[in-house]
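Here is a friendly walk through the model for someone meeting it for the first time. Please keep the picture open beside you while you read the points below.

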Amino acid sequence: MSLQIIKDAIAQNKMRCPTCKGSVQKFEKYVEMADSIWDGAGDSSRNMGTAGSKVTLICGNGSCDWKERTEFWNNYIDD
Ligand SMILES: [Zn+2]
């Protein structure tokens, strides 16, 4: 479940801000893409395999104002 992954990454300071290299402090507006892009036209196969999630990541460190709305949040997780 990606919401849990994001929460854990932030809680463990693994979500990295690309600007200041600090750990991202918070996120908002999490949405499951499968829900948001469903058009109800019956073309369900189009959405298979592309289901993901989108979230706004907010650095929140000192004077850094980095913020990004992305579906590629996993790129910022430092493992
Ligand atoms: Zn930052």
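**Notes on the fold**

1. Strands here, like helices, are DSSP runs numbered from the N terminus (E, at least two residues, for strands; H or I, at least four, for helices). Please keep in mind that this is a predicted model, in which local features need pLDDT of at least 70 and side-chain atom pairs count only at pLDDT 80 or more, while totals for chains, interfaces and linings use all residues. Residue numbers begin at 1 along each chain, following the sequence as written.

2. Confidence comes next. pLDDT is the predictor's confidence in each residue, from 0 to 100. The chain averages 86, and 77% of its residues score at least 70. Confidence is highest in β3, at a mean of 97, and lowest in helix α2 (residues 33–36), at 59. Over residues 45–49 the pLDDT stays under 50, and the model has three contacts beyond four places in sequence for that stretch. A contact means that the C-beta atoms of two residues, placed from the backbone, lie within 7 Å.

3. Now for the overall layout. The chain has two helices and three strands, and along the sequence they follow the pattern α-β-α-β-β. Among contacts between residues at least 6 apart in sequence, 55% join residues at least 24 apart.

4. The three strands form an open sheet in the order β1-β2-β3, with antiparallel pairing. β1 and β3 stand at the edges with a single partner strand each, so one side of each is left without a neighbour in the sheet. From one strand to the next, the twist averages 5°. Two strands count as paired if DSSP finds at least two bridges between them. Five bridges join β1 (residues 26–32) to β2 (residues 53–58), and four join β2 to β3.

5. Helix α1 (residues 2–11) lies across β1 and β2, running at about 170° to β1. Such angles run from 0 to 180 degrees between N-to-C directions, with axes fitted to C-alpha atoms, for helices over the stretch in contact.

6. Which residue stands opposite phenylalanine 27 in β2? The answer is leucine 57. Phenylalanine 27 itself is in strand β1. Beyond its neighbours within four places in sequence, phenylalanine 27 touches Ile6, Ile10, Val55, Thr56, Leu57 and Ile58 by the contact criterion. Phenylalanine 27 counts as partly exposed because 19 other C-beta atoms lie within 10 Å; the cut-offs are 20 or more for buried, 12 or fewer for exposed and in between for partly exposed, with C-beta atoms placed from the backbone.

7. Leucine 57 also stands opposite glutamate 68 in β3. Its contacts outside four places in sequence include Met15, Val24, Lys67 and Trp73. Leucine 57 belongs to the largest nonpolar core, along with Ile6, Ala9, Met15, Cys17, Val24, Cys59 and Trp73. Such a core is a set of buried Ala, Val, Leu, Ile, Met, Phe, Trp, Tyr and Cys residues joined through C-beta atoms within 7 Å. Of the 79 residues in the chain, 11% count as buried.

8. Is aspartate 79 buried or exposed? Aspartate 79 counts as exposed because it has 5 C-beta neighbours inside 10 Å. Aspartate 79 lies in the segment after β3 (67–70). Although 64 residues separate aspartate 79 from methionine 15 in sequence, their C-alpha atoms are 9.0 Å apart in space.
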